[in-house]
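Here is a colleague's note for someone opening this entry for the first time. Please keep the sequence and the model side by side while reading the points below.

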Amino acid sequence: QVQLVESGGDLVQPGGSLRLSCAASGIIVSIYDMNWYRQAPGKQRELVAALTSDGSTNYADSVQGRFTISSDNAKNTIHLQMNSLKPEDTAVYSCNAVERTIFRRQYWGQGTQVTVSS
């Protein structure tokens, strides 16, 4: 059974930093494409950061230069380091894993709330 468990969400002031974690079981993150999505109230879910199994990264324009996605393969965990946080970063952040086969099965975590407010 595949499980993705996010943690690290919190209330933080503008300009602050947070580090989100996504601990995986039932899959090996290093051979999956791993993504962080977010969804703010009343808005569509958007892809924030992507890490492919070959190590390539990609970021939404809105977070480029502020967020960093990384993998700790020893712990089978994905991280999202978020710096210079803005109120518009407030959302539920979810971890997503996509298998690199023709089936492209996906798995999702339950999400973690990030609130940026003074």
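1. A salt bridge is taken here as a side-chain nitrogen of Lys or Arg within 4 Å of a carboxyl oxygen of Asp or Glu. By this rule the count comes to 6 salt bridges, and Arg38, Glu46, Arg66 and Asp89 are linked in a network of them.

2. The model is predicted, with local features needing pLDDT of at least 70 and side-chain atom pairs counting only at pLDDT 80 or more, while totals for chains, interfaces and linings use all residues. Residues are numbered from 1 along each chain as its sequence is written, and side-chain values use heavy atoms, with hydrogens and water left out.

3. Arg38 is buried at 6% relative accessibility, whereas Glu46 is partly exposed at 32% (buried means under 20% relative accessible area, exposed over 50%, partly exposed in between, with a 1.4 Å probe and protein chains only).

4. Asp89 and Arg66 also meet through their side chains in a salt bridge, at 2.8 Å from N to O. Both Asp89 and Arg66 are buried.

5. A further salt bridge joins the side chains of Arg100 and Asp33, at 3.7 Å from N to O. Arg100 is partly exposed, with 45% relative accessibility, while Asp33 is buried, with a relative accessible area of 9%.
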